[in-house]
Amino acid sequence: MRGAPSHTLVLALCALAWVGIVINSAIYARENPHSGRDPVASDSEIAAFARTALEDVQQRSFAERKEYCGLILEDDAGNLAVSAVFEGYEAECQLPWLSPMGQYPVATFHTHGAYNFDYDSEVPSTVDMEADIGEQIDGFVATPGGRLWKIDWEDEVAVQLCGEGCLATDPRYRPEPQGGIAQRYTLPELQQRQP
Ligand SMILES: [Zn+2]
């Protein structure tokens, strides 16, 4: 049949297009589609990866006075990758749950933008902690003072992985005049700090 070769070609192109769509498809969800999943990668690998991802966006976050947020993803073998990094506002960053085929979120991360005396930005916020606990995933937070925090959703605690100046620091940053920042906070302790 004369028509057969072109039909075959069209079908082949359709098949290729379909494969392309499936490979490229990523599900954007409002909630963590893999909530509570145990990562294959170790805690220390994920923390090191999150630290690099945050270090990469700190300067931009200070210059634009905005929060940036994203997800650390892993494949079935535990190879880590960074999702797209999303731009937020001065004190907020909406995280779309991006879940490409064969990749799973293992942690959230976000910066706290530029230094602003009005915000208690050297510690994770109660909203940060409630969000990670709710989505059952660990989270990493970088502050204008260069601190790196980990929110452990299972222990429901925020731990300072490294202190002031360990990441890039906003030149406008001034240490807390009202004093101390603890090494760790439970959610009730944070609620007490940020009434
Ligand atoms: Zn935050």
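**Close-up views of a predicted model**

**View 1. The C162–C166 disulfide.** C162 counts as buried, at 15% relative accessibility (buried: under 20% relative accessible area; exposed: over 50%; partly exposed in between; 1.4 Å probe, protein chains only). C162 is bonded to C166. Their sulfur atoms sit 1.7 Å apart (disulfide: cysteine sulfur atoms within 2.5 Å). The model is predicted, so local features need pLDDT of at least 70 and side-chain atom pairs pLDDT 80 or more, while totals for chains, interfaces and linings use all residues. Residues are numbered from 1 along each chain as its sequence is written, and side-chain values use heavy atoms, without hydrogens or water.

**View 2. The C69–C93 disulfide.** Here C69 is linked to C93, with an S to S distance of 2.1 Å. The link is left-handed, at -75° about the S-S bond. C69 belongs to strand β2 (residues 68-74), and C93 to the loop between β4 (86-87) and β5 (97-100), so the bond ties together parts 24 residues apart in sequence (helices: DSSP H or I runs of at least four residues; strands: E runs of at least two; numbered from the N terminus). Are these two cysteines buried or exposed? C69 is buried, with 2% relative accessible area. C93 is also buried, at 18%. The chain has two disulfides in total. Counted along the chain, the bonded cysteines pair as 1-2, 3-4.

**View 3. The largest pocket.** This pocket holds about 780 Å³ of space (pocket: open set of 1 Å grid points with protein on both sides within 12 Å along at least five of seven lines; 1.4 Å probe; lining atoms within 4 Å of a point). Its volume is the space filled by probe spheres on the joined points. The lining has 33 residues. E67, C93, H110, V127 and D128 lie nearest the centre. C93 also takes part in the disulfide with C69. β6 (104-111), α3 (126-135) and β7 (138-142) each give at least two lining residues. α3 provides the largest share, five residues. By class, the lining has 16 nonpolar, nine polar and eight charged residues (charged: Asp, Glu, Lys, Arg; nonpolar: Ala, Val, Leu, Ile, Met, Phe, Trp, Tyr, Cys, Pro; polar: the others).

**View 4. The second largest pocket.** Its volume is about 220 Å³. Of 17 lining residues, D38, P39, D138, W153 and E154 are closest to the centre. α2 (43-64), β6 and β8 (148-152) are the elements that contribute two or more. The lining of the second largest pocket splits into six nonpolar, four polar and seven charged residues.

**View 5. The largest nonpolar core.** Sixteen residues make up this core (core: buried Ala, Val, Leu, Ile, Met, Phe, Trp, Tyr and Cys joined through side-chain atoms within 4.5 Å). I46, L54, I72, L80, F109, F140 and L148 have the most contacts inside it. α2, β6 and β7 each supply at least two residues. α2 gives the most, with five. What does L54 touch, beyond neighbours within four places in sequence? L54 is in contact with F109, H110, T111, F140, V141, A142 and L148 (contact: heavy atoms within 4.5 Å). A second, separate core has 12 residues, among them V123, W153, I181 and L187.

**View 6. P105 and its surroundings.** P105 sits in strand β6. P105 is buried, at 3% relative accessible area. Leaving out residues up to four places away in sequence, P105 touches N32, H34, L71, I72, L73, W97, L98, S99 and I137.
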